[in-house]
Amino acid sequence: MELQWKIKSFETLSVNELYAILKLRSEIFVVEQNCVYLDIDGKDQLALHLFGEFEGKIVAYSRLFKPGITFDNASIGRVVVDANYRDRKWGHDLMQESIAGIQSQFGESKITIGAQLYLKKFYESHGFVQTSEMYLEDDIPHIEMERR
């Protein structure tokens with residue numbers, strides 16, 4: 001069975017969808033990565049929310065931004081797949097859907113991301129190239145990457 005993909009604005013997310021998204025982000029970015037930070041950063045209202053559902057559960061998610069919100073280019077952020085489903089390689093599907101969403105929703109092909117350094121090869125497999133030196137964000141090594 002494949003994921004069912006949806007893209008919604010903040011205003012059109014149901015309360016249950018928003019709760020499931022925030023829960024997934026907290027499970028991974030706060031608990032799994034043992035990183036105390038404020039996930040709710042005021043940008044959710046400016047993003048499109050892409051998520052994949054499997055058997056009624058949100059298991060993959062990213063935020064899509066038009067140019068000028070996070071970076072000069074369009075951007076993808078909060079890329080996450082539920083730990084229980086990573087063996088299915090849905091992260092690759094998520095990135096393909098995210099890139100397609102940026103193109104279809106914003107008409108953009110240049111995309112910039114702030115990537116965790118350990119995922120560099122993953123993002124390179126989707127056409128991203130490193131464009132910055134390593135920097136720490138919430139004590140986690142990151143790099144900027146761009147796809148043209």
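**View 1. Surroundings of E53 in a predicted model.** Apart from its neighbours within four places in sequence, E53 is in contact (heavy atoms within 4.5 Å) with E2, L3, Q4, K6 and I58. E53 belongs to strand β2, which covers residues 48–54; helices (H or I, at least four residues) and strands (E, at least two) are DSSP runs, numbered from the N terminus. Because its relative accessibility is 14%, E53 counts as buried, where buried means under 20% relative accessible area, exposed over 50% and partly exposed in between, with a 1.4 Å probe and protein chains only. The model is a predicted one, in which local features need pLDDT of at least 70 and side-chain atom pairs count only at pLDDT 80 or more, whereas totals for chains, interfaces and linings use all residues. Residues are numbered from 1 along each chain as its sequence is written, and side-chain values use heavy atoms, with hydrogens and water left out.

**View 2. The salt bridge between K6 and E53.** The side chains of K6 and E53 meet in a salt bridge of 3.2 Å, N to O, the term standing for a side-chain nitrogen of Lys or Arg within 4 Å of a carboxyl oxygen of Asp or Glu. This pair links distant parts of the chain, with K6 in strand β1 (residues 4–9) and E53 in strand β2, 47 residues apart. K6 counts as partly exposed because its relative accessibility is 31%, whereas E53 is buried.

**View 3. The salt bridge between D39 and R25.** In the salt bridge that D39 forms with R25, the closest N and O atoms are 2.9 Å apart. D39 lies in the loop between α1 (15–32) and β2, while R25 is in helix α1, so the pair ties together parts that are 14 residues apart in sequence. D39 counts as buried at 6% relative accessibility, and R25 likewise counts as buried, at 0%. A network of salt bridges links R25, D39, D41, D44, R63 and R78.

**View 4. The salt bridge between R86 and E32.** Here the closest N and O atoms of R86 and E32 are 3.0 Å apart. The pair links distant parts of the chain, since R86 is in the loop between β4 (74–81) and α2 (90–106) and E32 is in helix α1, 54 residues apart. R86 is partly exposed, with a relative accessible area of 34%, and E32 is partly exposed as well, with 40%. By the rule used for these views, the count comes to 13 salt bridges.
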